[in-house]
Amino acid sequence: MSAKRTENSNGGFVLEAENVRKELRMGEVVVHALRGVSLAVRQGEFLGVVGPSGSGKSTLLGLIGGLDAPTAGRIAIDGVDITRMSEAQLTRVRNEKIGFVFQFFNLIPTLTALENVALPGQFARKQRTNPQRRARELLGMLGLADRLHHRPTQLSGGQQQRVAIARALVNQPPLLLCDEPTGNLDSEASDAVMKMLRQVQQEFNTTVIVVTHDMSVASEMDRLVTLVDGQIAGDIDPRSTAQQAALKILRDKRATGELAAHRP
Ligand SMILES: Nc1ncnc2c1ncn2[C@@H]1O[C@H](COP(=O)(O)OP(=O)(O)OP(=O)(O)O)[C@@H](O)[C@H]1O
Ligand SMILES: [Mg+2]
């Protein structure tokens, strides 16, 4: 399969966001979804984004992925500023540089696993490898070699999500953006998906960004960014000893219901 990604053109930063703001209009009301977010992420990082509902996590991921434009600020992907790109240029960046994985898999129901995974490969400008071959390899790597010709309804939730991960990787993007990838899975399937994401990061040096509500998912990340009210409120290594201890206390409190009781 493909070579592991090494340095890129930008000193190793695959993502740079500078003072990003996003205002969304709801009729007369303006919602400040992001209020000046700055974030630099290196090639190969395994980064989690957590925070309360409505704190701007999905908005941030959408802007990083070029699905929407910021109201102010600047975003560069792989050293290239995407902030003022035309729709055609953005489509190309999305296709070549970014893989998306969503909570509800978003597979095409009439296509098999193999066809779903190979599909984005057909739109790539430079086809490095035959998309069918690469799709087969990826599905094999994600433990689905015996499910190539199954349609989404013939697969479990965890299997569908692994197909979606394979599809996101078919064009070998440097950046994989996942919005609640385990949000619709039981804990066993969730563990399997997280293991696959880790494997992808290690094997291809892909930068993986995971938005999650799940504390056990969050505690597996190498770096954890917390968004509160559209701003970064924390940026830590959750696996450091002190953070682990804090996370354990948090988990215990969740388990006993004590934490939920403190919510407004
Ligand atoms: N299309 C939209 N129009 C108006 N306001 C929006 C729109 N999308 C999101 N918002 C608002 O922007 C804020 C951030 O939303 P966002 O979806 O990014 O939150 P989130 O952190 O992903 O939440 P969740 O954990 O519930 O998915 C929220 O207050 C939300 O109501
Ligand atoms: Mg969200």
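**Reading the model**

Reply: Start with one pair: isoleucine 98 stands opposite leucine 175 in E7. This is a predicted model, in which local features need pLDDT of at least 70 and side-chain atom pairs count only at pLDDT 80 or more, while totals for chains, interfaces and linings use all residues. Residues are numbered from 1 along each chain as its sequence is written, and chains are lettered from A and ligands numbered from 1 in the order in which they are written.

Me: How many bridges join E6 to E7, and in which sense do they run?

Reply: Strands of a sheet pair through backbone hydrogen bonds, either parallel or antiparallel. Here two strands pair if DSSP finds at least two bridges between them; helices (H or I, at least four residues) and strands (E, at least two) are DSSP runs, numbered from the N terminus. E6 and E7 run parallel and are joined by four bridges. On E7 (175–179), pairing with E8 (207–211) is also in the parallel sense, over five bridges. Within E8, valine 208 is the bridge partner of leucine 176, and valine 211 is that of aspartate 179.

Me: What is the strand order of the six-stranded open sheet?

Reply: The order is E6-E7-E8-E3-E9-E10, with mixed pairing. E6 (98–101) and E10 (231–236) are the edge strands, each pairing on one side only. From one strand to the next, the twist averages 20°; axes are lines fitted to C-alpha atoms, for helices over the stretch in contact, and angles run from 0 to 180 degrees between N-to-C directions.

Me: Which way do the residues of E7 point?

Reply: In a regular strand the side chains alternate between the two faces of the sheet. Leu175, Leu177 and Asp179 point one way from E7, and Leu176 and Cys178 the other way. A residue is buried if 20 or more other C-beta atoms lie within 10 Å of its own, exposed if 12 or fewer, and partly exposed in between, with C-beta atoms placed from the backbone. Five of the five residues of E7 are buried, so E7 is largely enclosed by the rest of the structure.

Me: Which helices lie across E7?

Reply: Contact means that the C-beta atoms of two residues, placed from the backbone, lie within 7 Å. H1 lies across E3, E7, E8 and E9, at about 155° to E7. H5 lies across E6 and E7, running at about 165° to E6.

Me: Where does arginine 151 lie, and why does it count as partly exposed?

Reply: Arginine 151 is in the loop between H4 (131–141) and H5 (157–169). It counts as partly exposed because it has 17 C-beta neighbours inside 10 Å. Not counting residues up to four places away in sequence, arginine 151 touches Pro109 and Thr112.

Me: Which residues are around ligand 1?

Reply: A residue is near a molecule if its C-beta atom, placed from the backbone, lies within 6 Å of it. Around ligand 1 are residues including Leu24, Val31, Lys57 and Thr59. E1 (13–26), E2 (29–42) and H1 (57–64) each supply at least two residues of this shell, and H1 gives the most, with three.

Me: What joins E1 to E2?

Reply: E1 and E2 run antiparallel and are joined by 11 bridges. Leucine 24 has valine 31 in E2 as its bridge partner, and both residues are around ligand 1.
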